[in-house]
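Here is a protein chain to look over. Some questions and answers follow it.

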Amino acid sequence: MKKEVLDYVIEKTHELMNAASCSSEAKAAAQSWLDAVGTEQEADETKKYIAELEADIMPIDNLIAFAGSEAGAGYFGAELAKNITAHAEEIKLAGAEYCDCPACAAVAEILARKKNCCEGF
């Protein structure tokens with residue numbers, strides 16, 4: 001992996017891990033990947049990390065459906081769920097494919113680098 005790409009992904013990985021909206025699974029996968037960088041396990045951990053990121057990123061339609069549901073109101077609270085739904089609908093109209101919370105934004109940037117650069121970054 002090119003140093004420029006590696007440095008970028010490491011930076012975004014730290015942003016992901018520091019995001020309040022980062023799941024415990026994504027945080028664990030991120031830490032495992034960081035620990036493996038530069039070791040024999042890097043390629044395997046990269047595959048696992050990418051799989052976790054792809055599983056965790058919230059498609060905008062899923063966010064709208066969840067936040068607009070009773071379960072979403074129970075999770076976020078009625079007022080916040082309403083605000084999240086409205087925001088998600090707004091960014092969807094502007095072309096967003098995914099949630100734009102800090103964790104999803106970091107994941108989207110990492111996955112975009114993978115998509116635009118190379119497999120496994």
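**Surface, fold and helix packing**

Q: How much accessible surface does the protein chain have, and what share belongs to carbon and sulfur atoms?
A: This is a predicted model, and its accessible surface is a computed value. The total for the protein chain is about 7,200 Å². The share of carbon and sulfur atoms is 53%.

Q: What does the C-alpha trace span along its principal axes?
A: The trace belongs to the protein chain. Its span is about 50 × 25 × 20 Å.

Q: What percentage of the residues count as buried?
A: Buried means under 20% relative accessible area. The protein chain has 121 residues. The part that counts as buried is 36%.

Q: Among contacts between residues at least 6 apart in sequence, what percentage join residues at least 24 apart?
A: A contact needs heavy atoms within 4.5 Å. Among contacts in the protein chain that span at least 6 residues, those joining residues at least 24 apart make up 66%.

Q: How far apart are the centres of the positive and negative side chains?
A: The protein chain has 11 positive side chains. The negative ones number 22. The centres of the two sets lie apart by 4 Å.

Q: At what angle do helix H1 and helix H2 pack?
A: H1 covers residues 3-18 and H2 covers residues 24-36. Leu6, Val9 and Ile10 are among the H1 residues that meet H2, where the partners include Ala30, Trp33 and Leu34. The crossing is left-handed. The axes are 10 Å apart, and the angle is about 145°.

Q: Is lysine 48 buried or exposed?
A: Lysine 48 lies in helix H3, residues 42-56. Its relative accessible area is 52%. The cut-off for exposed is over 50%, so lysine 48 is exposed.

Q: How far apart in space are lysine 48 and threonine 85?
A: In sequence, the two residues are 37 residues apart. In space, C-alpha to C-alpha, the distance is 31 Å.

Q: What separates the C-alpha atoms of aspartate 35 and tyrosine 8?
A: Along the chain, aspartate 35 and tyrosine 8 are 27 residues apart. Their C-alpha atoms are separated by 16 Å.

Methods:
Residues are numbered from 1 along each chain as its sequence is written. This is a predicted model: local features need pLDDT of at least 70, side-chain atom pairs count only at pLDDT 80 or more; totals for chains, interfaces and linings use all residues. Side-chain values use heavy atoms; hydrogens and water are left out. Buried means under 20% relative accessible area, exposed over 50%, partly exposed in between (1.4 Å probe, protein chains only). Accessible areas come from the Shrake-Rupley method with a 1.4 Å probe; for residues, only the protein chains shown count as cover. Lys and Arg count as positive and Asp and Glu as negative; His and the chain ends are not counted. The place of a charge is taken as NZ of Lys, CZ of Arg, CG of Asp or CD of Glu. Axes are lines fitted to C-alpha atoms, for helices over the stretch in contact, and angles run from 0 to 180 degrees between N-to-C directions. Helices (H or I, at least four residues) and strands (E, at least two) are DSSP runs, numbered from the N terminus. A crossing is left-handed if the near helix is turned anticlockwise from the far one by less than a right angle, and right-handed if clockwise.
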